[in-house]
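Please look over the structure shown here before reading on. What can be learned from its overall form, its strands and its interior?

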Amino acid sequence: MSKSKVMVAPSILSADPLRYGEEIKSVEAAGADWHHIDVMDGHFVPNLTFGLPLIKSLKKTSKLPLDVHIMVSNPDDVALSYVEAGADILVFHTEAAKHGHRLAQAIREKGARPGVALNPATPLEFAFAMAPHVDLIMLMSVNPGFGGQSFIEDTVSRVASLSKWLVANKLQDKVLIEVDGGINEQTGARIVSAGANVLVAGTYVYASQDRTHAISTLKNLK
Ligand code: DX5
Ligand code: ZN
């Protein structure tokens, strides 16, 4: 995947649930790169959100790639259904996957780009083990489950260490670093300078009075 500039993936978790169609059009017009869709099962995380029908509907209307983040206990069983439903990027949690390499390969064979997510307390070695097999590593900067939480500062040094490791292992042009949770202008600036390529932003984009300004602010961070 190319890493030309910072990409922004607004999370529809923070959109108005009664107006998803209009909401995704609004962030597309405002310059979003991807739509981030948080699938939560009420088991891996203490919240329940979207399933396959919403992904299928969004796929019909969306002009942008769907970045589907599955926070579920059984990704090995369900990930491919989300690819069939329309996920362009399928991110599963390393803490939940039983056979990470096999799952990443199966996602790729189904035609989507595989990504692996790490919770804030998960050692980076889990990312190193999966890096040669995925297109994207997502470092969670909050404990997953809800929008609107505060950014965990340790994420900045974790992004820097991962970025350095990718360079040392000649994977920096193949694997994107995505960061998810509590991102705004200030926290975004610190993680972009540490090496992040894709910023997920729920509250910061969807609750903004001026979504075009919010997205361009994040995209222009250096
Ligand atoms: C948290 C989700 C995030 C969330 C981000 O479990 O994975 O994608 O929507 O929301 P903000 O940007 O409000 O922290
Ligand atoms: Zn997410």
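The questions and answers below concern this predicted model.

Q: How many helices and strands does the chain have?
A: The model is a predicted one. The secondary structure of its chain comes to 9 helices and 8 strands.

Q: What radius of gyration does the chain have, and which value would a compact globule have?
A: The C-alpha trace spans about 40 × 35 × 30 Å along its principal axes. A compact globule with 222 residues would have a radius of gyration near 17 Å. The value for the chain agrees with this, as it is 16 Å.

Q: What percentage of the residues in the chain is buried?
A: The accessible surface of the chain comes to about 9600 Å², and 52% of it belongs to carbon and sulfur atoms. A residue counts as buried if its relative accessible area is under 20%. Of the 222 residues, the buried ones make up 54%.

Q: What share of the contacts with a separation of 6 or more comes from residues 24 or more positions apart?
A: Contact here means heavy atoms within 4.5 Å. Among contacts in the chain with a separation of 6 or more, residues 24 or more positions apart account for 65%.

Q: Which residues touch the most other members of the largest nonpolar core?
A: The largest nonpolar core holds 65 residues. Apart from it lies another core, of 13 residues, including Ala9, Ala117, Met138 and Leu176. Within the largest core, the residues that touch the most other members are Ile12, Val68 and Ile137.

Q: Which residues are in contact with Ile137, leaving aside its neighbours within four places in sequence?
A: Ile137 belongs to the largest nonpolar core. With its neighbours within four places in sequence left aside, Ile137 is in contact with Val116, Leu118, Ala127, Ala131, Leu162, Val175, Leu176, Ile177 and Glu178.

Q: What is the bridge partner of Ile37 in β3?
A: Strand β2, residues 35-40, pairs with β3 in the parallel sense over 6 bridges. From β2 the chain crosses through helix α2, residues 52-61, to β3 in a right-handed β-α-β crossover. In β3, the bridge partner of Ile37 is Val68.

Q: What is the bridge partner of His69 in β4?
A: Strand β4, residues 89-93, runs parallel to β3 and is joined to β3 by 4 bridges. With helix α3, residues 75-85, these strands make a right-handed β-α-β unit. In β4, the bridge partner of His69 is Val91.

Q: What distance separates the C-alpha atoms of Pro65 and Ala87?
A: Pro65 lies in the loop between α2 and β3. Pro65 is partly exposed because its relative accessible area is 24%. Leaving aside its neighbours within four places in sequence, Pro65 is in contact with Asp33, Trp34, His35, Asp88 and Ile89. Pro65 and Ala87 are 22 residues apart along the chain, and their C-alpha atoms are separated by 7.6 Å.

Q: Is Lys170 buried or exposed?
A: Lys170 lies in the loop between α6 and β7. Lys170 is not a glycine, although it has a positive phi of about 55 degrees. Since a relative accessible area over 50% counts as exposed, the 68% of Lys170 makes this residue exposed.

Definitions and conventions: Residues numbered from 1 in each chain as written. Chains lettered and ligands numbered in written order. Predicted model: local features only at pLDDT ≥ 70, side-chain atom pairs only at ≥ 80, totals over all residues. Heavy atoms only, no water. Core = buried A, V, L, I, M, F, W, Y, C linked by side-chain atoms within 4.5 Å. Buried < 20%, exposed > 50% of the residue type's maximum accessible area, 1.4 Å probe, protein only. Pairing = 2+ DSSP bridges. Helix = DSSP H or I, 4+ residues; strand = E, 2+ residues; numbered from the N terminus. Right-handed = clockwise from strand over helix to strand, strands pointing away. Rg over C-alpha atoms; globule rule 2.2 N^0.38 Å. Areas by Shrake-Rupley, 256 points an atom, 1.4 Å probe, with all protein chains shown as cover.
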